[in-house]
Amino acid sequence: MQPRKTDLARDALQAHRAPLDMRQRRLLILCDGQRDLAQLSAMIGPEASAMVIQLIQAGYLVSTASPGPVPAPVAPTAAGPAPTSAAPVTERRRSLVAARIYLLGILELQRHPQAAALLHTLQQARSDEQVVAALGSALDALPGLTSPGYCERVRQRLFEVLPETHLAQLEQAGAVAG
């Protein structure tokens, strides 16, 4: 995935009036459609993937290599200005698309053939069931690819963005037990 700025992001960077912190502004500047998540993470830090998801959901970034039927689920249910309270933002953050994008970024960062295969499987998943199954497979394999602490942080972050119905599907499949 190579995120790039939208017109909203260009306006926000130019006008200095958008509710963005310094790290978000820095990330927006770096998102030129040429750098992938691995490069952005090297420049910003490990939280770059989560920040990219937030900026995509807020309308500041678009993904240039988003696999599968992404446009339909991304559309917000309520149109209007960005919410100011924390509760609506939390609800908006829970989406299967956000979970998929986050885990794609994590798998891109891993330098292992198994991670590459899992990345490909997740990219090729088309239905919600296929995506959830691919997420579960990746979560099952992640402990063998990275440190236990990092794996647990990824698992927790994924469960924060994954809709509760899909989280229940992973629990039934046994992928939540970490």
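Modeller: Gladly, and please keep in mind that this is a predicted model. Helix 2 and helix 3 meet in a right-handed crossing.

Biologist: Which residues meet where helix 2 and helix 3 pack?

Modeller: From helix 2 come Arg23, Arg26, Leu27 and Leu30, and they meet Leu40, Met43 and Ile44 of helix 3.

Biologist: Helix 3 also holds serine 41. How do you know whether serine 41 is buried or exposed?

Modeller: Buried means under 20% relative accessible area. Serine 41 has 9%, so it counts as buried. Beyond its neighbours within four places in sequence, serine 41 is in contact with Pro46, Ala48, Ser49 and Leu109.

Biologist: How much of the chain counts as buried?

Modeller: The figure is 44% of the 178 residues. The largest nonpolar core has 53 residues, and its largest share, 10 residues, comes from helix 7 (residues 96-109).

Biologist: Which residues have the most contacts inside that core?

Modeller: Those are Leu27, Leu28, Val52, Leu103, Leu122, Leu135 and Leu158. Take leucine 28: leaving out residues up to four places away in sequence, it touches Lys5, Ala9, Leu13, Leu20, Leu55, Tyr60 and Leu61.

Biologist: Leu135 is also among the buried residues of helix 9. How do you know that the length of helix 9 agrees with what its residues should span?

Modeller: Helix 9 (residues 128-145) has 18 residues, and at 1.5 Å a residue they should span 26 Å. Its end C-alpha atoms lie 25 Å apart, so the two values agree. Other buried residues of helix 9 include Val131, Val132, Ala138 and Leu142.

Biologist: Finally, how many helices and strands does the chain have?

Modeller: There are 11 helices and two strands, in the order β-α-α-α-α-β-α-α-α-α-α-α-α along the sequence. Among contacts between residues at least 6 apart in sequence, 69% join residues at least 24 apart.

Conventions: Residues are numbered from 1 along each chain as its sequence is written. This is a predicted model: local features need pLDDT of at least 70, side-chain atom pairs count only at pLDDT 80 or more; totals for chains, interfaces and linings use all residues. Side-chain values use heavy atoms; hydrogens and water are left out. A nonpolar core is a set of buried Ala, Val, Leu, Ile, Met, Phe, Trp, Tyr and Cys residues joined through side-chain atoms within 4.5 Å. Buried means under 20% relative accessible area, exposed over 50%, partly exposed in between (1.4 Å probe, protein chains only). Helices (H or I, at least four residues) and strands (E, at least two) are DSSP runs, numbered from the N terminus. Contact means heavy atoms within 4.5 Å. The expected span of a helix is 1.5 Å times one less than its number of residues. A crossing is left-handed if the near helix is turned anticlockwise from the far one by less than a right angle, and right-handed if clockwise.
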